[in-house]
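Got a model open and wondering where all the labels come from? Let's go through some of them together, one question at a time.

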Amino acid sequence: MRIRDWQDILEDVTERNVDPENWRAVAGDRAGGVGEDMYLAHPRAGVFFLKTYAKNPFEVRGVGTRVARSLDDEIGSFMPTGDSGGRFAVQSPPEDEAQAETVSKRLETVLETHADAPTRPQDLFDDIMDAVESPAFGPMEYDQYDRPDELEDLAERFEEAEELLSAELEDLIEDDEVDRGFM
């Protein structure tokens, strides 16, 4: 298991050549300390595990790893389904001004279309993600004040990764002298 910076893991996610709308996520508070845990999963891309914390209001730090090469039925049972209430997306910035202009025109068209027709919020979200060429998006189970049960189940399933990433994150927190967060 190779532990890397959390942004390197997100870059791996964005570079996967898989259907972007088939990603799933579960996230919430860390079990023991400052920060959050997040699992990102895709049937063909695998399962990625991130531990992050806010060093200050402008900087997030963290670590992550790939914990499984594919999303099997057992792990998939912990991930939300398509009709789940929460949504997430991983974005990549436009490469240049021309791409930014193209994306903004597509986004404008999507918003105009949805303004004229009654649609579900999930449909609007999916169409926006397509317009901005999001490399990964989908349903998410998230609790900003606690840990979803699915997060606990995944932590038990990937116990070794949980311990290693927690130790690495604690080292980052100690090096940054954050300890209890910021005020």
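The buried residues of helix 3 pack against helix 4 (121-131). Keep in mind that this is a predicted model.

Q: Which residues of helix 3 are buried, and what makes them count as buried?
A: They are Val 103, Val 110 and His 114. The label means that each has under 20% relative accessible area.

Q: How do you know that these buried residues are on the same side of helix 3?
A: Val 103, Val 110 and His 114 are the buried ones, and they cover an arc of only 30° around the axis, which puts them on the same side of helix 3. On the other side, Glu 97, Ala 98, Lys 105, Ala 115 and Asp 116 are exposed.

Q: What makes Asp 96 a cap for the N-terminal end of helix 3?
A: A side-chain oxygen of Asp 96 lies 3.2 Å from the backbone nitrogen of Ala 98. The cut-off for a polar contact is 3.5 Å, so this pair qualifies.

Q: Why is Ser 134 called buried?
A: Its relative accessibility is 4%, and the cut-off is under 20%, so Ser 134 counts as buried. You'll find Ser 134 in the loop between helix 4 and strand 7 (136-143). Among the residues that Ser 134 touches are Pro 20, Ala 89 and Met 129.

Q: What does the side chain of Ser 134 reach with its polar atoms?
A: A polar atom of this side chain lies 2.9 Å from the backbone oxygen of Val 90. The side chain of Ser 134 also reaches the backbone oxygen of Ala 136, at 3.1 Å. Polar contacts are within 3.5 Å, so both pairs pass.

Q: Which strands stand at the edges of the open sheet, and why?
A: The 7 strands have the order 1-5-4-3-2-7-6, with mixed pairing. Strand 1 (4-5) and strand 6 (86-90) each have a single partner strand, so one side of each is left without a neighbour in the sheet.

Q: How do you know that strand 2 and strand 3 pair?
A: Pairing takes at least two bridges, and strand 2 (residues 24-29) and strand 3 (residues 36-42) have 6 bridges, in the antiparallel sense. Here, Val 26 stands opposite Tyr 39 in strand 3.

Note on methods. Residues numbered from 1 in each chain as written. Predicted model: local features only at pLDDT ≥ 70, side-chain atom pairs only at ≥ 80, totals over all residues. Heavy atoms only, no water. Buried < 20%, exposed > 50% of the residue type's maximum accessible area, 1.4 Å probe, protein only. Helix = DSSP H or I, 4+ residues; strand = E, 2+ residues; numbered from the N terminus. Arc of directions from axis to C-beta. Contact = heavy atoms within 4.5 Å. Polar contact = N/O pair within 3.5 Å; in protein donor to acceptor, adjacent residues only side chain to side chain. Lists of a residue's contacts leave out its neighbours within four places in sequence.
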